[in-house]
Amino acid sequence: MTDRAATERALEAAAAGATRYLRGLAERPVAARAGAEELLARLGGPLPDGPSDPAEVVAQLAELADDGVVASAGPRFFGFVVGGSLPAALAADWLAAAWDQNAGLFVLGPAAATVEDVAAGWLTDLLGLPPTVSTGFVTGGLGANFTCLAAARHHVLAAAGWDVERDGLIGAPPVEVVVGAERHVTIDAALRFLGLGSGRLRIVPADGQGRMDAAALPGTLAALKGPAIVCAQAGNVNTGAVDPLPAICAAAHDHGAWVHVDGAFGLWAAASPALRHLVAGVGEADSVATDAHKWLNVPYDSGLVFVAHPEAHRAAFATVAGYLTPGQAGERDPDAYTAEFSRRARGFPIWAALRSLGRSGVAAMVERGCAQARRFAAALEAADGVEVLNEVVLNQVLVRFRDPGGDHDGRTREVVRRVQAGGTLWLSGTTWHDMAAMRISVSNWSTTDDDVDRSVAAILEAARSVE
Ligand SMILES: Cc1ncc(COP(=O)(O)O)c(C=O)c1O
């Protein structure tokens with residue numbers, strides 16, 4: 001068999017396996033059916049001594065891994081905030097793999113680089129960000145927070161007369177980082193990776209929904225000397241609440257601080273005319289991070305970075321080497337805006353998602369997710385012994401099950417466990433303000449109101465069974 005024929009047969013096997021999977025996706029049990037031991041027994045064993053037919057290998061993978069695949073791409077997965085894959089985005093991702101473009105340099109992939117430029121323009125327009133921001137296509141929300149904060153670190157230290165890229169942090173003026181009490185854990189991780197530490201943060205208290213108390217920010221900033229970065233959030237991972245961005249930007253900029261906004265999922269509210277008031281002020285931030293693999297529903301791995309100071313963004317990441325061929329005028333080298341050098345062409349699925357949905361399609365998808373979160377909240381709250389803990393402003397619902405014996409935490413955790421085991425839907429538990437809660441997150445393009453109603457019925461059935 002020629003190499004080309006072998007490739008075509010392997011792709012046909014992948015298409016057959018993927019199509020079979022997607023046909024059954026909406027009705028298969030949502031949780032994985034096989035555990036680590038079983039999967040290892042099926043997929044493990046010694047490294048084969050010699051080659052096997054590629055198509056057979058792919059067909060085997062589709063079959064052997066199937067029970068260990070979580071239906072997180074399906075319509076009744078409400079765990080974490082993950083989204084699925086829109087048809088055009090999924091198929092474009094296959095093309096990206098077939099083209100195998102290296103999206104680091106323009107010269108290695110002119111179409112990959114151009115598509116990123118086009119998608120960057122569409123995204124800034126859609127999300128209400130200034131057209132002059134620089135954009136980076138990164139691995140996800142953590143990568144986006146890291147990339148933005150590296151640009152911030154450069155900018156605030158350069159303003160203090162320090163070149164952090166050349167001289168590092170040893171001996172540098174201490175950078176003060178101000179965060180809200182309910183920031184996402186990846187902010188701490190990104191600060192750790194950047195040498196700014198996660199143990200010396202200035203923490204501003206949050207209100208009952210997890211929003212930074214902006215009234216406390218000027219006082220916190222006034223007590224600081226030297227370069228400062230303020231990290232705000234659009235979309236609390238439990239409640240969906242958005243920090244008061246206009247007041248935060250005003251106070252931080254008065255102080256000369258950089259404002260970073262982690263909008264991993266909440267930023268997508270900006271795409272909807274009905275919801276964009278929730279993230280008003282985000283256009284004043286110095287950097288904004290979001291995920292495309294969450295609410296835009298493109299495959300992993302896909303995060304987005306927007307920086308209002310392109311020179312700081314480039315200074316943090318651009319590299320020069322004699323063997324590289326830099327882009328000419330009008331040819332942007334994407335590697336100057338991310339912590340990666342060689343990487344996959346993340347722009348193709350994003351371009352396909354945006355082109356297939358259009359402006360109104362993205363808005364409708366985000367609005368539908370929020371309406372379905374409200375539908376969940378209304379139906380669950382109407383049931384005896386069920387309490388919705390948060391203001392459902394976006395796509396997140398926190399639910400608690402009251403226990404007649406007073407063990408509300410125990411009952412809530414057991415209901416979550418039974419729902420997960422039941423297979424109709426999947427969601428996760430959380431601990432919020434020292435209370436156990438069920439956490440429902442709606443972000444999949446294919447979820448229907450009927451999926452919500454079926455899920456509510458399964459949750460209430462699980463709750464009844466815990467007596
Ligand atoms: C607010 C927030 N920031 C950052 C992240 C991290 O995103 P990722 O998992 O894509 O790295 C998440 C993920 O849930 C998030 O909700």
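Here are some questions and answers about this predicted model.

Q: How many residues surround the ligand, and which are the closest?
A: Let's start with the ligand. The shell around the ligand divides into six nonpolar, six polar and two charged residues. The closest residues of this shell are Gly-140, Gly-141, Leu-142, His-184 and Ala-264, and the number that surround the ligand is 14.

Q: What should the 17 residues of helix H5 span at 1.5 Å a residue, and how far apart are its end C-alpha atoms?
A: Helix H5 runs over residues 110-126. The expected span counts 1.5 Å for one less than the number of residues. For the 17 residues of H5 that comes to 24 Å, which agrees with the distance between its end C-alpha atoms, 24 Å.

Q: Where on H5 do its buried residues lie, and what arc do they cover around the axis?
A: The buried residues of H5 are Ala-112, Ala-113, Val-115, Glu-116, Ala-119, Ala-120, Leu-123 and Thr-124. They are on the same side of H5, because the arc they cover around the axis is only 160°.

Q: Which exposed residues does the face of H5 turned away from its buried side carry?
A: The buried residues of H5 have cover that includes strand S1 (134-138), strand S7 (303-307) and helix H12 (347-381). The face turned away from that buried side carries the exposed residues Gly-121 and Asp-125.

Q: How far apart in space are Asp-125 and Asp-213, C-alpha to C-alpha?
A: In sequence, Asp-125 and Asp-213 are 88 residues apart. In space, their C-alpha to C-alpha distance is 29 Å.

Q: Which residue just after H5 takes a positive phi?
A: Most residues other than glycine have a negative phi. The residue just after H5 is a glycine with a phi of about 70°, namely Gly-128.

Q: Asp-100 has a positive phi; is Asp-100 buried or exposed?
A: Asp-100 is not a glycine, yet its phi is about 50°. This residue sits in the loop between helix H4 (87-99) and H5. Asp-100 has 9 C-beta neighbours inside 10 Å, so Asp-100 counts as exposed.

Q: Asn-297 has a positive phi too; is Asn-297 buried or exposed?
A: Asn-297 has a phi of about 60° although it is not a glycine. The loop between S6 and S7 is where Asn-297 is found. With 26 other C-beta atoms within 10 Å, Asn-297 is buried.

Q: Which peptide bond is cis, with omega near -10°?
A: Most peptide bonds are trans. The cis bond is the one from Tyr-300 to Asp-301.

Q: What distance separates the centres of domain 1 and domain 2?
A: The protein chain is divided into domain 1 (3-71) and domain 2 (91-353). Taken over C-alpha atoms, their centres are separated by 36 Å.

Q: Within what arc do the buried residues of H14 fall?
A: Helix H14 (residues 449-465) has 17 residues and reaches 24 Å from its first C-alpha to its last. Its buried residues are Asp-451, Val-452, Ser-455, Val-456, Ile-459, Leu-460, Ala-462 and Ala-463. They line one face of the helix, because seen down the axis of H14 they fall within an arc of 165°.

Q: What do the buried residues of H14 pack against?
A: The face of H14 turned away from its buried side carries the exposed residues Asp-450, Arg-464 and Ser-465. On the buried side, the residues of H14 pack against H12, strand S8 (386-388), strand S9 (396-401) and H13.

Q: How far apart in space are Ala-421 and Ala-462?
A: Ala-421 is found in helix H13 (residues 408-422). Ala-421 counts as exposed because it has 11 C-beta neighbours inside 10 Å. Ala-421 and Ala-462 are 41 residues apart in sequence, and C-alpha to C-alpha they are apart in space by 9.8 Å.

Q: Which residues is Met-212 in contact with, leaving aside its neighbours within four places in sequence?
A: Met-212 lies in the loop between strand S3 (202-204) and helix H9 (217-222). Met-212 has 30 C-beta neighbours inside 10 Å, so it counts as buried. With the neighbours within four places in sequence left aside, its contacts are Gly-180, Val-204, Ala-206, Ala-232, Asp-243 and Ile-248.

Notes
Residues numbered from 1 in each chain as written. Predicted model: local features only at pLDDT ≥ 70, side-chain atom pairs only at ≥ 80, totals over all residues. Near = placed C-beta within 6 Å. Nonpolar A, V, L, I, M, F, W, Y, C, P; charged D, E, K, R; others polar. Helix = DSSP H or I, 4+ residues; strand = E, 2+ residues; numbered from the N terminus. Buried ≥ 20, exposed ≤ 12 C-beta atoms within 10 Å, placed from the backbone. Arc of directions from axis to C-beta. Contact = placed C-beta atoms within 7 Å. Domains from an automatic or database assignment.
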